[in-house]
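Morning, everyone. I'll keep this short: I want to talk about pockets. Please have a look at the screen.

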Amino acid sequence: MYSGFARFYDVLQGGTPEPFAAWIERRAAELGREVESILELGCGTGAVLDLLPAAWAKVGIDVSPEMLEIARIKGVDADLIEADIRDIALDRRFDVIACVYDTVNHVPVSDWPRVFAVASGHLETDGMFLFDMNTLGHLCGGAGRSETTVAGGSTVTISISDERDDRYDWHVRIEGDHDPIDETIAEYGASLTDVRRMLTEAGFTRVEVSGGRDRPVDDEAPRLFFACRR
Ligand SMILES: C[S@@+](CC[C@H](N)C(=O)[O-])C[C@H]1O[C@@H](n2cnc3c(N)ncnc32)[C@H](O)[C@@H]1O
């Protein structure tokens, strides 16, 4: 997962890191004090971390060595750690913890409580955990669809299949002046009710959910954004 795909990732994502970084900065301002640190769970190529204020101490965790290597080559100013976001135990806490661009969907739903426990356990008392997810409705609606785009001289085709039991596989094929690259990325969906319950169990007592500008907050929204405090 995110191996051969890694060197195409930034080109393919186009302008997506900017809105995520802007959202993180806007919500972080609600802490009402200077933000000193951020931990990103599933930081990938560091595209979002790179856009956040230079004054913040940044730590990024990702399971893909190839994605982290791109972040290092780009010179992203962050401590980059290869690890699984379900298991990490760093001996420090952060003002903000982010897990964005449906990274949580990459983890089987039965393990989401582990991710939320990691977030809760690494957050300063008044800190904020920010994440987004693809909803069940959005994943289900995308199944069976196939989309081809040309980016950076390569043709990228993404087809989504319904693998049942809340799992949807993204089949990525990249063709260009290289051997074709095929990768399958699994995404898992959970209902908003279940996610709220898991967050409460992880100790988040104040959870705000948004569907984005003027969009409803339900399982049919394309994406839901969570701002969580203990
Ligand atoms: C859609 S990308 C998002 C990357 C980055 N947050 C961004 O916005 O560009 C998802 C990332 O999550 C990472 N990932 C997926 N499952 C993970 C896990 N269990 N532990 C750590 N990283 C994981 C993948 O390697 C990938 O880099």
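This is a predicted model: local features need pLDDT of at least 70, side-chain atom pairs count only at pLDDT 80 or more; totals for chains, interfaces and linings use all residues.

Start with the largest pocket, which has a volume of about 1200 Å³. Its lining is made of 49 residues, and those closest to the centre are Tyr2, Asp102, His106, Trp170 and Glu187. By class, the lining of this largest pocket divides into 26 nonpolar, 14 polar and nine charged residues.

Where do the lining residues of the largest pocket come from? Helices H1, H2 and H5 each supply at least two, and so does each of the strands S6, S7, S8 and S9. Which of these gives the most? That is S6, residues 146-151, with four residues in the lining. In terms of domains, both domain 1 (6-135 + 191-229) and domain 2 (137-187) provide at least three residues of the lining.

Now the second largest pocket, at about 420 Å³. Among the residues lining this pocket are Thr16, Trp23, Tyr101, Ser210 and Arg213. Two elements give two or more residues to this lining: helix H2 and strand S11, which spans 223-229. H2 gives the most, with five residues. The classes here are six nonpolar, three polar and three charged.

Definitions and conventions
Residues are numbered from 1 along each chain as its sequence is written. Side-chain values use heavy atoms; hydrogens and water are left out. On a 1 Å grid over the protein atoms alone, a cavity is a set of points where a 1.4 Å probe fits but cannot get out, and a pocket is an open set with protein on both sides within 12 Å along at least five of seven lines; lining residues have an atom within 4 Å of a point. Grid points are joined across faces, edges and corners, and a volume is the space filled by probe spheres set on the points. Ala, Val, Leu, Ile, Met, Phe, Trp, Tyr, Cys and Pro count as nonpolar, Asp, Glu, Lys and Arg as charged, and the others, Gly among them, as polar. Domain bounds come from an automatic or database domain assignment.
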